[in-house]
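Please walk me through the charged pairs, the surface patches and a few individual residues of this model.

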Amino acid sequence: MLLSIYTHNHTPIHRPNPSSKTLTRPPILPPLLQCNPFPLKSSSFSVRASKGDSRERNPSVNAMAGEKAWVEIGAEFKEGGGTTAEDWRNALGKVVPAVVVIRTTTCRAFDTESAGSGYATGFVVDKKRGIILTNRHVVKPGPVVAEAMFLNREEIPVYPVYRDPVHDFGFFRYDPGSIQFLSYEEIPLAPEAASVGLEIRVVGNDSGEKVSILAGTLARLDRDAPYYKKNGYNDFNTFYIQLALLPDILITLSVGLISFNSIDDECCSFLVWNDHQFGDGSDSIARPAIVVPIIADVLYSSSPEALSLLAASGTKGGSSGSPVVDSLGRAVALNAGSKTSSSSAFFLPLERVVSALKLLRKGIDSCTDGWGAVYIPRGTLQVTLLHKGFEETRRLGLRIETEQMVRHASRHGETGMLVVDSAVPGGPAHHLLQPGDVLVRVNGDVITQFLKMETLLDDSVDRKIELQIERGGTPFTVDLTVQDLHSITPDSFLEVSGAVIHPLSYQQARNFRFRCGLVYVAEPGCVNVYLLRAKVPRLSIIKKFGGEEISRLEDLVSVLSKLTRGARVPLEYISYKDRHRSKSVLVTIDRHEWYGPPLIYTRDDSTGLWTGKPAFPPDSLLLSSSMISVEQGLENDRVPPDAGEASPIEHMCQNFNQESADGVASVEYSFEGVAELQNSRGNSDVGATKDQIEEDSSADSPTEEKMEDLTSSENAFLGDYQGSAAVATNASVAERVIEPALVMLEVHIPPSCMHDGLHSQHSSGTGVIVYHSSDLGLVVVDKATVVISASDVMLSFAAFPIEIPGEVVFLHPVHNYALVAYDPSALGADGASVVRAAKLLPEPPLCRGDEVYLVGLSRSLQATSRKSVVTNAHAALNIGPADSPRYRATNMEVIELTADFGRTFSGVLTDEHGRVQALWASFSTELKYGSSTSVDHHLTRGIPIHTISHVLNKFISGANGPNLLINGIRRKMPLVRILEVELYPRLLSKARSFGLSDKWVQTLVKKDPIKRQVLRIKGCLAGSTAEDVLEQGDMILAINEEPITCFGDIEDACHALDQCDESDGKLQMTIFRQGHEIELLVGTDVRDGNGTTRVINWCGCIVQDPHPAVRALGFLPEEGHGVYVSRWSHGSPANRYGLYALQWIVEINGKPTPHLDAFVEVTKEIEDGEFIRVKTVHLTGKPRVLTLKQDLHYWPMWEVRRNPNTAMWQYERIKALDLGIP
């Protein structure tokens, strides 16, 4: 079988199909293709390239088991310097087995790196000691977990032992005895062999899938270090080596497939199978005939899937850390990076690598008890130098006599000198060296090269050196003390509420021009209300906290340890994007235990791990202020003070009062973020009925109101509080009356509780007070604002300038509203005198043509209103499922208006007297564009107030549901009986076509002559009692012989079951199914308003019970459906091994996990470092088995659960390494 190389040719020739492209064979092959045949050690295919010029011969592959693969190129070709293809074959045969694929998992964001997972390359430089060389950005400056996979697919763990603080190289170590089935040798380092014109090969891997070989010639040895990004890692104070340009061809040979693709995808590829060619050149771009100049480079791959030979001037993803080898098999440089815009590859010289490796070997040999931390001296002046040509130094003012002296004293061919580019503030050279200074001598020696300068600095740590410079033609002598570079390289970090904070590194200090060691926010990220909520961005510098100067990490830890949960303190920070102005924000310490206690992690080079220990002493106020569980035997009474902290709201309000006494409350909090969120997401507001308020009001409650003369009510409000915002002279009566009841809610959700398919951590919206007494306040808001109960909520009142905390106490399982409680005592006497509950008007219901007032809050928390008209009072809401299942409103009839303020404005609908008739709420949905693109979207509609009334009545009067502690009082939470099906209306004219009888059509028209519809079942929620009885497509005609025409009829029927003491919870339903009327007993389900109250974090993924949006899809795995993966974390084992969201875990190591308790019992038996076999079932029903390695060091197993006895979310470790961490 013969392989011929075909390429596109610009020359047009006759072709049968004018639209097709003709493939022509190059008449002349490059010399490198004219070499002897050699074996491609693979038994999967046989390939031979022929020099024959038969144009009709097609490329072909003959797959024959057991036959060696050969590529025959032609006559022997001698490369420059006498190097033959045989030389390269022998060299690569030794090199390839020593090259490894490195899979890294960056466990935490640190310094310049973000958390995540990726592939890279490394190679063995010391087989005896087990040392692998790769790039610094592969070894990572922070916590990393890594494995190396050798050529024969043996995978072993590797541990970082050294990463250079400046240059892009580092070392992993491994146990040489763990490699049992592969014969390999270390690759020697020969930096002295690098020279211009040297033919090289770069052996790397393509994203961890294929090993690839890059061929080229070294073009420059003095290229400037590549600049990657302004706020990330960049190498400096060194030269780099640049590769000469070569044709951009990538060849992939695999079973049945030969493809020729350029890096820019501009040449043809064709499929070969059984001597037949199937061209796919229809979308290829014609280009001049070129062929691969490195076809003789052999890849000895044990994988039969593919063989990649890469001939390009730029390396691909996964090739970082690849060896750059010569024909003798020596590494002459280290592949570091590439620039796709110019197809350039950059190689790091190895002189510094060799020096570090010698010290590393010496240090290892001196350790008698295994590996130990090895100190490699590195000195710095915190100065960035550039190598400038003599023509540039002359323009900088260098004197002619100095240039003559330097040229004479330097090596032959020297072309320039070192020039100061910048000096880091606070460093040894700050204010002493300036940009443009030309370095002449150091300690009396002329130095023009980076290598000589760095060697001198490394040998002079903590000693003074003398620098002779010229500045604008004037000579200067400067004495500087060389600083230990490791002393300004952070080796510890604080993890608090998910945030990662550590001293500012030399790398970032140089990028941002800040002093090293400042307190640097590497990740504000997982912080619920610490930094992320306060809008402190990533890569910021903390300057002040709680009124104290913060110059070191220890200062921050000291201030934090003195705070209590719920405390609010000012924080001042600087961003590198706006370095000349500090910004102040108000930071709120977590009230709930969303996370474990703060930890300080410290790097241990002897183990390659970062070891965590408690950041605060055990008697720290922050640790000791956790909520204490209250005994369950208490009745529905106020919890006594000595039973523990009764309520998180009370606790936080106490902190607010303390702040006022200390003067901290004088720091203002910016509401810009709130306003922005309000504009991007609609929100809601509600009221409380006259009957509800009167029924539960007490004679001495000054803030509860009765329905008296509205005019006197309005006048009373206008005179209540002179310090409040002035009322607009043209404001409507409705606007003035409702304004004291309007509230802006700001909601933050910690990533540790990002469950139920949430797509955003922050939201804000307008709510309305529906109940206000001396001990309880209730606000109603839509579920686009408050989605889950695991939320930190802050309330800002339109009537009084104050911000207080709230707690989510009820989430309706179906409808789009939630109840948030607050402590009225936190308002103080002045606030209590003006804040009041809205008056609700559930009857009569709104009808088409009714005039209403739409009232909401503006950005400045002022009431805004407009008059509108109802166009449809019974519009059926139809919101489709999101790509990732999350809450969506179903089975609702909503109100539509002629005019509103747009889809981002929410509020309430009132009559002319300010009585609330509907909640103008935001509904979350997705807009889909094409088959793969979707964006979040919100629409606003009105929710009739009577939909909320019966639940609110239950809440205030005392329901029969579970207890929940609110403001120190145990209260019964309402339960809601629902029929767990999704319905949609069908016009009777359409239903008649399905066979519905005239009798039923007339009956339903008589019941509702306006809508003239019947309800049809779209689907049942999986796991519901109705699932096995009702079917998709069923039409519900009647319940208990009462015709059903709208969603409210079904709700009324369910509510009637609760009123009957002898009810079995079943509805007698008349169903029309496939042309027949049938009578069925259909069970209903009782749900509370708690939502999800327990989440478990295992291996970095969040698992929970499937929430209603998942069950609404109508599928639950038969094997068990209680362990649903709703989220995963970057840098976690779940990220590393692909345990992503939208699937159930049904088995662990063959043991079923039908629910969370069973899951905990199974996983508690698994130890750190063990591989686990996990069986999952996707939402699509597709099963899958994957393996995962447990990492309890960085990813302990824990859960967050809501405790009804304290109304607190509490963190508890389930399984972790015993590091003395609670």
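This is a predicted model: local features need pLDDT of at least 70, side-chain atom pairs count only at pLDDT 80 or more; totals for chains, interfaces and linings use all residues.

Residues are numbered from 1 along each chain as its sequence is written, and side-chain values use heavy atoms, with hydrogens and water left out.

The structure holds 58 salt bridges, a salt bridge being a side-chain nitrogen of Lys or Arg within 4 Å of a carboxyl oxygen of Asp or Glu. One of them joins the side chains of R108 and E495, at 2.7 Å from N to O. R108 lies in the loop between β5 (99-106) and β6 (116-126) and E495 in strand β30 (residues 492-496), so this pair ties together parts that are 387 residues apart in sequence. Helices (H or I, at least four residues) and strands (E, at least two) are DSSP runs, numbered from the N terminus. Both R108 and E495 are buried. Here buried means under 20% relative accessible area, exposed over 50%, and partly exposed in between, with a 1.4 Å probe and protein chains only.

The side chains of E1167 and K1215 also meet in a salt bridge, at 3.4 Å from N to O. Because E1167 lies in the loop between α22 (1156-1163) and β68 (1171-1178) and K1215 in strand β71 (residues 1208-1215), the pair ties together parts that are 48 residues apart in sequence. E1167 is partly exposed at 41% relative accessibility, whereas K1215 is buried at 15%.

Another salt bridge, 3.6 Å from N to O, is made by the side chains of K544 and E549. K544 is partly exposed, with a relative accessible area of 32%, and E549 is exposed, with 56%. Salt bridges also link D164, R352, R378, E454 and D458 in a network.

Not counting residues up to four places away in sequence, R136 touches D164 and others, including D111, R163, H167, D168, Y233 and Q507; contact means heavy atoms within 4.5 Å.

Y576 sits in the loop between β35 (568-575) and β36 (578-588). What relative accessibility does Y576 have, and is it buried or exposed? The value is 16%, so Y576 counts as buried. Leaving aside neighbours within four places in sequence, Y576 is in contact with N231, F512, F514 and L539. The C-alpha atoms of Y576 and R513 are separated by 8.3 Å, with the two residues 63 apart along the chain.

Two surface patches remain. Patches are made of residues with over 30% relative accessible area and no salt bridge, like charges being joined within 9 Å and nonpolar side chains (Val, Leu, Ile, Met, Phe, Trp, Tyr) within 5 Å. Accessible areas come from the Shrake-Rupley method with a 1.4 Å probe; for residues, only the protein chains shown count as cover. L927, Y929 and V935 make a nonpolar patch of about 250 Å². V935 belongs to strand β52 (residues 933-944) and is partly exposed at 35%.

E1041, E1042, E1077 and E1079 form a negative patch. Asp and Glu count as negative, and the place of a charge is taken as CG of Asp or CD of Glu. E1041 is in the loop between β58 (1035-1039) and β59 (1042-1043), and its 75% relative accessibility makes it exposed.
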